[in-house]
Amino acid sequence: MQLISAQNISYSINEKKLFHNLSFNVNTGEGLYIKGSNGSGKSTLLRIILGITLPSKGKIHFCNEDLAISYLGHKNAIKSYLSPIQNLELIFNQSGRALAFEWLHKLGLKNVQDELTGNLSFGQQKKLALIRVLASSPKMIVLDEPFVGLDYATNNLLNNFLEEKLREDMSIIFTSHIQPTFECKTLEIER
Amino acid sequence: MLRLIRTESFKLSRKLKSWLGPQLILVLVLIAFPLSIDISQYDLDKFYFSIIVISLMMTAFISTEGMFEEDFEDGSLEQEFLLEQDFYKIVLSKMLIYVFFIGIPIALIGSLFLITNGADFDDLPKVFSILCLSNILLFNLFSFGNALSINKGAMLGVLTSLPLALPVIILLGRAVRTIQYGEGFFSIIILMSGISLIVLAIMPIVISAALKTHID
Amino acid sequence: MYPYLLFIGITTLMIGWIWGVLYAPEDFQQGNSYRIIFLHVPASIFAQTIYYFMSICALMHIVWRVKLAAYLIKSAAPIGAMITFIALFSGSIWGIPTWGTWWQWDARITSTLILFIMYLGILTLHGSFSNLEKADRLMSILVIVGVVNLPIIKKSVDWWSTLHQPASISTSGSSIDPSMLMPLLISIVGLGFTLISLGILSSRLYILNREKNKKWVLEHV
């Protein structure tokens, strides 16, 4: 089933073209890997897909209006003055918390769960932010550079997780500079 | 909405500087003013109220300063947008929380200082209710300025929203005179409540439009 | 087109001023000092008119996302700030012989001063963002909120205190002698044309600057 279709999307910033006439569509259970050099507009494209940013030209069509999406961007939406546990309590409601805390274990954040998040390392914060995606069960996952800052083991874990989710008919759209280990469609943005 | 109110009050309660800071600053400013003049020569109670008005305005600004900046910088606003597709609810709940946790306490501090500086003790509820209402107005207007300037610092926010706050100051001055002369208080408090309700309904729409522009 | 407009504007303005300063009769109360109205009144009128023009543009920008409207706001704001400053300054000069003071906390002076600050605030806001499209939209929001606020400020400062003489010209008739009214109207028209041509010039420069990456600009220049 088709979830998203984009036709001739262009985006320009301060009247300067970023990308031009991109068309693609995403189906259920399909991965879309967005590739491109720095400054080619990968993150912006993700934000256009999410509906946060409006494209300068072109249209993006959601086949299901209330599509549950979880998104992890450059900004990780983690509060530095709260502990990891408190952060997760803000994100998840009662029913989702058990699974989120389980992921806290799996990612090895158990021993720092009551410290202030601001004192954790970049990688640890990134892991905590990833739990937002890992412990929720949306129809679609959108990730901006998910592999940056992660150690080798977590990298593998994330790859496997995404692969498994694809098999469970979830759609995944992500940008990365590292080739993922699972199979998916590739969209290359050129300037 | 209930979820947002719970979240926002939890977040604010964890930031001591954000809710206790403005109250302490108000107290300090109210202490500082009498120190700058010769009390034996001037009749302080005659113009102490205008000092309270001005320092209240300043404090209202300081209190709203980080209202949206933090959520904007760490990406919480984007996440909220994905959930709700709109910022009206989050702005309204933030506003209510801020007025409740900061606005009402500073209104109380202001009225206590006024009572200890010569106003009639029986007027305490009147003064308090007027200061509360003006705080609703000021918080709304200043958070608009802060939503415009978001992460560009407080100065830009003051510059853009202070002209909007000047009528509130005039209204507040009027309200005080009615208390001092004991006449027309009810008509002015009804006027202020009406304006507060209108502003509280409309300003969050404008603020969410500004926030939407920022995350765009 | 703007050079002709500028020429018409300045010529008309000069006619108005020369007539007003050299040939119009003396005021029986204020003597010769009243002659500054030929600058003060037109400037005060356009100080607000420009803001209303900007707010119409802002509405167009917000509702229909007309890019040109935002460019017009951005290029009209400095002109508005300038003319508001002139209104304030000339008013101050007029204040010395008539009221004996160059500044009074009077309703209209205060609201004009606030208007001046609002113009500068709009420019500052626009200048603070690197993404100019965002800056355009935020500026439009501020202009619209400002135009709602303008009558409120006016009403509230009126309520607070007033000293200023009532407006010389109003729709219900004017309190001014026809021999003075004529040059005044001419200078209003002249200043109007001058400002329009300045507006065209400044928006031209601004549009070229903003669209400098577009093909048509390169061809044009």
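**Entry 1: ground rules.** I am working with a predicted model, where local features need pLDDT of at least 70 and side-chain atom pairs count only at pLDDT 80 or more, while totals for chains, interfaces and linings use all residues. Residues are numbered from 1 along each chain as its sequence is written, chains are lettered from A and ligands numbered from 1 in the order in which they are written, and side-chain values use heavy atoms, with hydrogens and water left out.

**Entry 2: the two domains of chain A.** I looked up the division of chain A and found domain 1 (1-67 + 137-149 + 161-190) and domain 2 (75-136); such bounds come from an automatic or database domain assignment. Taken over C-alpha atoms, the centres of domain 1 and domain 2 of chain A are 25 Å apart. Ten residues of domain 1 of chain A are in contact with eight of domain 2 of chain A (contact means heavy atoms within 4.5 Å).

I then checked the area buried between these domains of chain A, which is about 680 Å², with 68% from carbon and sulfur atoms (buried area is the accessible area, 1.4 Å probe, that two parts lose on being put together, summed over both). On the domain 1 side of chain A, the most area is lost by A:Ser137, A:Gly149 and A:Phe161, together 50% of what that side buries.

For this interface in chain A I noted zero salt bridges (a side-chain nitrogen of Lys or Arg within 4 Å of a carboxyl oxygen of Asp or Glu). Strand 6 (residues 140-144) of chain A gives the most to the domain 1 side, with three residues (strands are DSSP runs of E, at least two residues, and helices are runs of H or I, at least four, numbered from the N terminus).

**Entry 3: chain B against chain C.** How many residues of chain B are in contact with chain C? I found 24, and they meet 21 residues of chain C. About 2100 Å² is buried between chain B and chain C, 77% of it from carbon and sulfur atoms.

The count here is one salt bridge: the side chains of B:Asp216 and C:Arg137 meet at 3.2 Å, N to O. Helix 7 (124-149), helix 8 (154-181) and helix 9 (185-215) of chain B each give two or more residues to the side that touches chain C. Helix 8 of chain B gives the most, with eleven residues.
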